[in-house]
Amino acid sequence: MSCTREVNLSASVLMFVVVASWDDVRRTALSLPETTEAVAWGNAHWRVKNKGFVWERPLHQSDHAALEALGEEAPEGPLLGVRVADLGVKEAMIADDPELFSTIPHFNGYPAILVRLEAIGVPELEELIVEAWLDRAPKRLAQQYLDARP
């Protein structure tokens with residue numbers, strides 16, 4: 001079930017945004033061709049042709065300790081790991097919206113980000129998951145998917 005969060009756009013405008021949930025992640029990921037869901041280490045992950053593209057990624061004690069050693073705060077709330085195209089995309093996304101996107105030392109040198117589910121709207125989540133899927137899917141399957149879209 002999706003939740004809402006309050007966004008104060010100005011002193012006179014108040015808007016409620018539907019934020020994403022694990023149900024939205026599951027629905028979106030499984031709507032993509034040849035996607036499978038499995039559980040590893042107690043957390044769900046979604047794959048296309050045995051290549052992971054999104055996964056539940058709670059922070060472990062070692063993640064908290066590593067962030068603390070760097071003087072960084074750990075992101076709060078449910079976290080989704082998302083594969084991105086390359087390290088440049090990763091750095092750009094984190095720089096663009098550090099309240100939404102982050103990383104941990106465990107991901108150093110790896111093209112993946114953490115996404116705070118409580119901070120992302122459903123349409124943005126869907127776009128992010130599709131982009132991750134397109135990056136990991138075999139080229140022919142990705143092209144078939146793109147060709148079939150309206």
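This short talk goes through the charged side chains of the structure above.

First, the ground rules. The model is predicted, so to speak of local features a pLDDT of at least 70 is needed, side-chain atom pairs count only at pLDDT 80 or more, and totals for chains, interfaces and linings use all residues. Residues are numbered from 1 along each chain as its sequence is written, and side-chain values use heavy atoms, with hydrogens and water left out.

Let me start with salt bridges, meaning a side-chain nitrogen of Lys or Arg within 4 Å of a carboxyl oxygen of Asp or Glu. The whole structure has five of them.

Take aspartate 63, which sits in helix 2, residues 61–69. Helices here are DSSP runs of H or I with at least four residues, strands are runs of E with at least two, and both are numbered from the N terminus. Aspartate 63 pairs with arginine 57, with 2.7 Å between the closest N and O atoms. Are these two partners buried or exposed? Aspartate 63 is buried because its relative accessibility is 4%, and arginine 57 is buried at 8%. The cut-offs are under 20% relative accessible area for buried, over 50% for exposed, and partly exposed in between, with a 1.4 Å probe and protein chains only. The aspartate 63 side chain also reaches the backbone nitrogen of histidine 60, at 2.8 Å.

Next, helix 1, residues 22–30. Aspartate 24 and arginine 27 both belong to this helix, three residues apart, or about one turn. Their salt bridge has its closest N and O atoms 3.4 Å apart. Aspartate 24 is buried, at 8% relative accessibility, whereas arginine 27 is partly exposed, at 43%. Both are also part of a salt-bridge network that includes Glu126.

Arginine 26 has a partner too: glutamate 37, with the closest N and O atoms at 2.9 Å. That pair links distant parts of the chain, as glutamate 37 is in strand 3, residues 35–40, and arginine 26 is in helix 1, eleven residues apart. Glutamate 37 is partly exposed at 32%, and arginine 26 is partly exposed at 30%.

Finally, the surface. Which residues form the negative patch? They are Asp86, Glu124, Glu127, Glu131 and Asp135. Patch residues have over 30% relative accessible area and no salt bridge; like charges are joined within 9 Å, and nonpolar side chains (Val, Leu, Ile, Met, Phe, Trp, Tyr) within 5 Å. Glutamate 127 counts as exposed because its relative accessibility is 54%.

Key. Areas by Shrake-Rupley, 256 points an atom, 1.4 Å probe, with all protein chains shown as cover. Lys, Arg positive; Asp, Glu negative; His and termini not counted. Charge placed at Lys NZ, Arg CZ, Asp CG, Glu CD. Polar contact = N/O pair within 3.5 Å; in protein donor to acceptor, adjacent residues only side chain to side chain.
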